[in-house]
Amino acid sequence: MIEDNLDLELVTKQTIEIINDWLAECHIFQNDVQKAMLYSHIKAMVERAKNLEKLPKVDPMLFDEISEESLLLARKTIELFNNLPMEEAYLLAVHYEVAKAN
């Protein structure tokens, strides 16, 4: 869990740096709009982790066309935190999948 006294912007930037390293390793590149959208999602995700907010349940079947690579990256991302549900990974995987199409 993210401690109350941690800077959300700093945690967001650190998380984005880790993600960018993973994306580079996978040869996945984002355009500027995709980077901004992912940053916004990660910032909101960090806030949800800090405040213990939950996303609404989603039907995993809605994401059955997302590649295993994107889902794996998304799972790795939420594992950086200890209290995020799988719903968060499904939504993150969409960002990674879109970037793969570049």
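**Helix packing and a ring pair**

Reply: The model under discussion is predicted. In it, H1 and H3 are roughly antiparallel to each other.

Me: At what angle do helix H1 and H3 pack?

Reply: Helix H1 covers residues 8–25, and its axis lies 11 Å from that of H3. Angles over 145 degrees count as roughly antiparallel, and H1 and H3 are therefore placed in that class. The angle at which they pack is about 155 degrees.

Me: How are H3 and H4 oriented, and within what distance do their axes come?

Reply: The axes of H3 and H4 cross at roughly 130 degrees. That angle makes H3 oblique to H4, and H3 passes H4 in a right-handed crossing. The two axes come within 7 Å.

Me: How do the residues of the contact of H3 with H4 divide by class?

Reply: H3 contributes residues including Leu71, Leu73, Ala74 and Arg75. Among those they meet in H4 are Tyr90, Leu92, Ala93 and Glu97. The contact of H3 with H4 divides into ten nonpolar, two polar and five charged residues.

Me: Which residues form the aromatic pair, and is it stacked or edge-to-face?

Reply: The count comes to one aromatic pair. Phenylalanine 63 and tyrosine 90 form this pair, with 5.2 Å centre to centre and 15 degrees between the planes. Planes under 30 degrees apart count as stacked, and the pair of phenylalanine 63 and tyrosine 90 is stacked.

Me: Where in the chain do phenylalanine 63 and tyrosine 90 lie, and how many residues apart are they?

Reply: Phenylalanine 63 is in the loop between helix H2 (32–51) and helix H3 (68–78), while tyrosine 90 is in helix H4 (residues 86–100). Both phenylalanine 63 and tyrosine 90 are buried. The pair links distant parts of the chain, 27 residues apart.

Me: Is glutamine 30 buried or exposed?

Reply: Glutamine 30 lies in the loop between H1 and H2. Beyond its neighbours within four places in sequence, glutamine 30 is in contact with Asn20, Leu23, Lys35, Leu38, Ala99 and Asn102. Its relative accessibility is 13%, so glutamine 30 counts as buried.

Definitions and conventions:
Residues numbered from 1 in each chain as written. Predicted model: local features only at pLDDT ≥ 70, side-chain atom pairs only at ≥ 80, totals over all residues. Heavy atoms only, no water. Phe/Tyr/Trp six-rings, centres within 6.5 Å; stacked < 30°, edge-to-face > 60°. Helix = DSSP H or I, 4+ residues; strand = E, 2+ residues; numbered from the N terminus. Buried < 20%, exposed > 50% of the residue type's maximum accessible area, 1.4 Å probe, protein only. Axes fitted to C-alpha atoms, helices over the stretch in contact; angles between N-to-C directions. Parallel < 35°, antiparallel > 145°, perpendicular 65-115°, else oblique. Left-handed = near helix turned anticlockwise from the far one by under 90°. Contact = heavy atoms within 4.5 Å. Nonpolar A, V, L, I, M, F, W, Y, C, P; charged D, E, K, R; others polar.
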